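The following report describes the contact between two chains and then selected elements of one of them. Please consult the sequence and the structure alongside the text.

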Amino acid sequence: MTERRIGRWVGATAIVLFAAPLAVLVVQAFAEVWRYPALLPQQLGLRGFRVAFGSGDAGRATVDSLEVAVTTTALATVIAWPAARALARSHGPRRTAVLMVLALPLLVPPFATGTGLAEWFIRLGLADTRLGLVLAHLTVVLPYVLLVLIPAFSPRVIELEEMARSLGTGPVRRLLLVTLPSTGAVVAAAALLGFLVSWSQYGSSLAVGGGLPMLPLTLLPFVGADPTVAAALSLLFLVPAILALALASRGTREAL
Amino acid sequence: MRGRRQRRAAAPLALVGVAVAVGALLLAGCGGASPASPPARSWSQVLSEARGQTVEWWMYGGDAATDEFVDDYVKPAAAKLGVTVDRVPVSDTVEAVDRVVAERKAGKSSGGAVDLIWINGENFVEGKEAGLWLKDWARSLPNSRYVDWTEPVINRDFQVPVAGQESPWQGAAFVFGYNSTAVSSPPTSFPELLAWAKAHPGRFTYPAPPDFTGAAFVRQVIQRLGGVRQGLRYLEALKPYQWEGGSQFPTSIDELDQLFANEQVDFDMSYNANFLELSVRKGEFPSTVRPFLIGGGALQNTSYVTIPANAAHAAGAEVVANLLLDPRLQTAMADPGVLGTPSVLDPSRLPPAAAAALRKRSAGSPFLPASLGEPLGELPAGRDVPIEEAWTRAVLR
């Protein structure tokens, strides 16, 4: 088989695996009547969207979710940056130990972290606030962003920085002209991952922000009970995710 | 109440959650704090306190019809009294209870984030035992005079006294459904159902407990046949004639709904008396579906709202609970085109015109039984789990 034909097969498989479920979601969202054994809905309509968006709750939840996800991602990237730099240059058992501690929130079951967080966030008056949600999401998002960022600071990047410094470039210019361009692709990927993790948080959002429902909390009750409404909400859920993906893929391409 | 069955589907897990949380609470030594009773005050004081409050009503969020009822009827009525109602969607009631428990553990005895909960029996009982709920308020609501509190189906929630800690808002009745194009006369008793299943093998099934609806079906069989042993023997006899020869059960009511919609089985069931109309409206069932009862009367219970003892806006919550008992809102709720759930008001206590409006609104729908018959009460909450375990041992295996 030629390389091209293999590529074509991989492409076709990818379409079936990823695009087909998406297509079902779109059809389901517009299905007014869809009964077995019909392959397609007997009647199309906008009931799903009317219910999903009629009350404005979903719109509010989307705005809240976006604010929280963007803030969390930005904070996580800023915090993870120096940590990733330091970790990239360290070696040995200490590095492993530090990584383990940082990844702990990913290893512990989310349910367990959620219950603990709830009580403390209520004590601190952070429950049901945007700040509280950002901090709760940060516990999960930060390890992901950090783990992705570490390889950005390869010895080559560090060498380039050193060279720029020896040529008399100041710290700001060094960051803008050397570090960012050479790490941009990884930063974009890390930010994308951070955004998506925050955007789809269910457990921690429920634990500390049940009273300020993020989009996943609005969506979940409809799953199973009312597939049409759930599908309509899922489409809304997908839009920012796809936008973020597009943005990140542009970011990675430009940097390379 | 698709909502109810959804939330109860997770009941055992929910119970474990609440039990663990409550246990932890007691260990932490905070269990002794007694819940607040509202200070004796007149209704006009409650109204003036409630003005300007936003009531956070935590409720199952997967039922569009209920959401719309709250948005179209409850919110405007509350707004006239200066009270804002905010629906907080949960996928299981236990999420709201967990929050109240977490607040208790965090020592937050006032200013809590949960003002009102659409509660179910198991969670109410657990919370009542832990002293989570506001006491002695439900019977003082002005509109509670329209409620017949001597009625066991209202006075007791799964056989536990309500004790003024929760206020009724919707009736629930267990109704079966069939498609009139496929079945001409559905069975009216459980022996008839068995005979029917033998004549039509593979065309009947029910969701496996602990699914809420499936568990209610099993409890009903047990009550109608006069005991756990008789009931389980009946279900064992029924099993070989069920869908897939009884080797498989739907794991949730959604699955049974799907089988019924696909015409793979002939009967569906729900604790929501108006489930057929709601499903027709969602395009899931054809408009030829019709309701029927087995055993001469529907298994019935009541949906309540409760107020946590630490609620930030208890006065506003009382105002909303009172509105839910308003004859006009109850009449709208009983309308099959809105929710179609049986009213919790006693028509004989209403002014004649209001009683007539209520009767008129709930009559005449092809999707509601003409009468719910002699109501069958629920078994005590504590018996659910043993019955489900016995069913698993005797029938499922």
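The contact between the two chains of this predicted model involves 34 residues from chain B and 30 residues from chain A, contact meaning heavy atoms within 4.5 Å. Chain B and chain A bury about 2,400 Å² between them, 53% of it on carbon and sulfur atoms; buried area is the accessible area (1.4 Å probe) that two parts lose on being put together, summed over both. In chain B, the residues that lose the most area to chain A are Pro89(B), Arg99(B) and Lys282(B), together 20% of what that side buries.

Three salt bridges are counted between chain B and chain A, a salt bridge being a side-chain nitrogen of Lys or Arg within 4 Å of a carboxyl oxygen of Asp or Glu. Arg87(B) forms a salt bridge with Asp57(A), with the closest N and O atoms 3.1 Å apart. Seven residue pairs, both residues at pLDDT 80 or more, are in polar contact across the interface of chain B and chain A. A polar contact is a pair of N or O atoms within 3.5 Å; within protein, one must be able to donate a hydrogen and the other to accept it, and residues adjacent in sequence count only if both atoms are side-chain atoms. Helix 1 (2-9), strand 1, helix 4, strand 2, helix 5 (94-105) and helix 11 (253-261) of chain B each supply at least two residues of the side of chain B that touches chain A. Helix 5 of chain B gives the most to that side, with five residues. Helices (H or I, at least four residues) and strands (E, at least two) are DSSP runs, numbered from the N terminus.

Strand 1 (residues 54-60) of chain B is largely enclosed by the rest of the structure, because six of its seven residues are buried. Buried means under 20% relative accessible area, exposed over 50%, partly exposed in between (1.4 Å probe, protein chains only). The pairings of strand 1 are listed below; two strands pair if DSSP finds at least two bridges between them.

| Partner of strand 1 of chain B | Sense and bridges |
|---|---|
| Strand 2 (residues 84-90) of chain B | parallel, seven bridges |
| Strand 3 (residues 116-119) of chain B | parallel, two bridges |

Glu56(B) has Asp86(B) in strand 2 of chain B as its bridge partner, and Trp58(B) has Ile117(B) in strand 3 of chain B. Strand 1, helix 4 (residues 64-80) and strand 2 of chain B make a right-handed β-α-β unit: with the strands pointing away from the viewer, the path from the first strand over the helix to the second runs clockwise.

In helix 14 (residues 327-334) of chain B, seven of eight residues are buried. These buried residues pack against helix 4, strand 6 (166-173), helix 13 (314-323) and helix 15 (352-362) of chain B. Asp326(B) caps the N-terminal end of helix 14 of chain B, with a side-chain oxygen 2.8 Å from the backbone nitrogen of Arg328(B).

Thr302(B) belongs to strand 10 (residues 300-306) of chain B and counts as buried at 4% relative accessibility. A polar atom of the side chain of Thr302(B) lies 2.7 Å from the backbone oxygen of Val153(B).

Residues are numbered from 1 along each chain as its sequence is written, and chains are lettered from A and ligands numbered from 1 in the order in which they are written. In this predicted model, local features need pLDDT of at least 70, side-chain atom pairs count only at pLDDT 80 or more, and totals for chains, interfaces and linings use all residues, while side-chain values use heavy atoms, with hydrogens and water left out.
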